[in-house]
Each structure stands twice: as structure tokens, then as C-alpha cells.
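Hello,

Here is the structure I promised to pass on to you. Have a look at it first, and then read on for what I found.

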Amino acid sequence: MASVSQAAEQPNSITLNANMTPIQTKLVLLGEAAVGKTSVVYRFVQDDFQENREPTIGAAFLTQRCRLEDRLIKFEIWDTAGQERFHSLAPMYYRNAQASAVVYDITKAASFEKAKNWVKELQRQANPHIVIALVGNKLDLVSDKLDLNAEEDSDKIVESDNTDEEAAPAAQREVACSEAQQYADEMGLLFFETSAKTGENVLETFTEIAKHIPLEAKPTSNQTTPSAGNARTELVDLQRRANASGREGCSC
């Protein structure tokens, strides 16, 4: 059974204007398994992080509001699973979406290549005016400062009597920020590097997406964003299709 969750809307310390009509905005998260899509969106919606979060099965549906000076964006978010067997169902999620966050893991080059494939698919098949943000997650795992100073530090001999208390080495960055930024510029994407664990740049990412949503982006009668109720019905149907494919999936 596909899981559907709708998190309570959290203001993220933003005072909402009761007289401002929300612009409903469908946003889909795409990316390879285990890049942290669910962690990113829960950091945005609930300001929460769980170290060992259960994999997403099918997709999850959440909502959150983002208030700007001139508009109030109500994000209706589809957090998709990263399992390969669900890939063919992706159009059901990004159909009529006004925005997408394509997430990759900055410590895994393969996930960046997968993100590029998602970008190409969105630009080819999704709403031609869709706002796409390329999001490099897991910034907390790397230390760019150490990388930049590696050569200088290698010439120094550091003596310490507390060798047993040395910090664990940082993970190896496999996707340079400059490389991802260049790709984003070439493809006309927004670009951010985030840490769902610390919250770094997560709110900024969704706020910047909100700024790029056109004022007329509210769905028309034939492009309605699914509510929590009909989202459950649609996801059950998607899960049945996925099960019919007979392929095994990996964790999200």
C-alpha cells in the first residue's frame, strides 16, 4: 500500500496575512534513492530531521505555506520515492506541476547524473513554464574548507596527545559546487546546496522557488492540484501499477 502523509502546515516563523489569497502551487520532488528528498521536505514543512527515516513508498503528500511580500504561496508537495520501479509513473506526479526540486547527493556523482536525467525529462514533458531547482543535499557530510586547505595542511605536522578523540573524517565530495552551478546556469535552473540535517539553505531553497512562481500560477479548473483526500486514491492506483511491473525496488 502506498503511503500518503499530509503534514500540518507550519508557518516557519512567518506571520501569515489572513487577507492574502494563497496561490496554490504543485511542487514535485524528484531524485535518486537515498539522496534525502524526504528529509529535505520535512525540514521545510516541520523543521524536523530524523537520522534513520523510513523509505518513502510510492509518494507522500504534504503542504506548506510560504509568505512573500507580494504573495502567499501554498505549496502542495509530492515527495516521490526513488525506487526505479516508480520511474515510469513519474509523469503522474509532475503533471501540471508549477515547480520541482530535483535533489542529488553531493557525495555521490551518480546521483548528480540521475538528477540531470530528471531535469531533461521535466523540460521535455512537464509544464513548459515549470520552475526547477537543482538541490545538492548532504552538505553537512563534507568540509569544503578542509578540501581547500588540504595542500597547505599536508605540509604541516600536527602533534597531539588526544589522537583517540580525533573527529571522524568528512565524506568525500564528488560533485563540485562550481560544476553543479555551471550546469544549473546552462539549463536555466535555480541552484542550492542544502543540509536537511542542519537545515542549512532548506528554507532559502523553497523561498526562492516561491519567488519565481508567477502570480497567475493558480491552477485552473482542469489543472487542479490534488487534495489530501484524492491524493490517497491516486497513490493507491499508482502503487497497483508499480506492483504490476513486477520489479524490485531499492530504498528511497
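Predicted model: local features only at pLDDT ≥ 70, side-chain atom pairs only at ≥ 80, totals over all residues.

Helix α3 itself runs over residues 109–125. With 17 residues at 1.5 Å each, α3 should span 24 Å, and its end C-alpha atoms lie 25 Å apart, so the two values agree. The buried residues in α3 are Ser111, Phe112, Lys114, Ala115, Lys116, Trp118, Val119, Glu121 and Leu122. As a reminder, an α-helix has 3.6 residues a turn, so residues three or four places apart point the same way.

Next, the pairing of α3 with α6. Their axes come within 12 Å and cross at roughly 10°. Because angles under 35 degrees count as roughly parallel, α3 and α6 are roughly parallel to each other. On the α3 side, Phe112, Lys116, Val119 and Gln123 take part in the contact, and they meet Glu179, Ala180, Tyr183 and Met187 of α6. The residues of this contact divide into 5 nonpolar, 2 charged and 1 polar.

Finally, a residue in one of the covering strands: Thr25 is found in β1. Thr25 has 0% relative accessibility, so it counts as buried. Leaving aside residues up to four places away in sequence, Thr25 touches Ile73, Lys74, Phe75, Glu76, Gln98, Ala99 and Ile213.

Enjoy exploring it!

Best wishes

How values were computed
Residues numbered from 1 in each chain as written. Heavy atoms only, no water. Helix = DSSP H or I, 4+ residues; strand = E, 2+ residues; numbered from the N terminus. Expected span 1.5 Å × (residues − 1). Buried < 20%, exposed > 50% of the residue type's maximum accessible area, 1.4 Å probe, protein only. Contact = heavy atoms within 4.5 Å. Axes fitted to C-alpha atoms, helices over the stretch in contact; angles between N-to-C directions. Parallel < 35°, antiparallel > 145°, perpendicular 65-115°, else oblique. Nonpolar A, V, L, I, M, F, W, Y, C, P; charged D, E, K, R; others polar.
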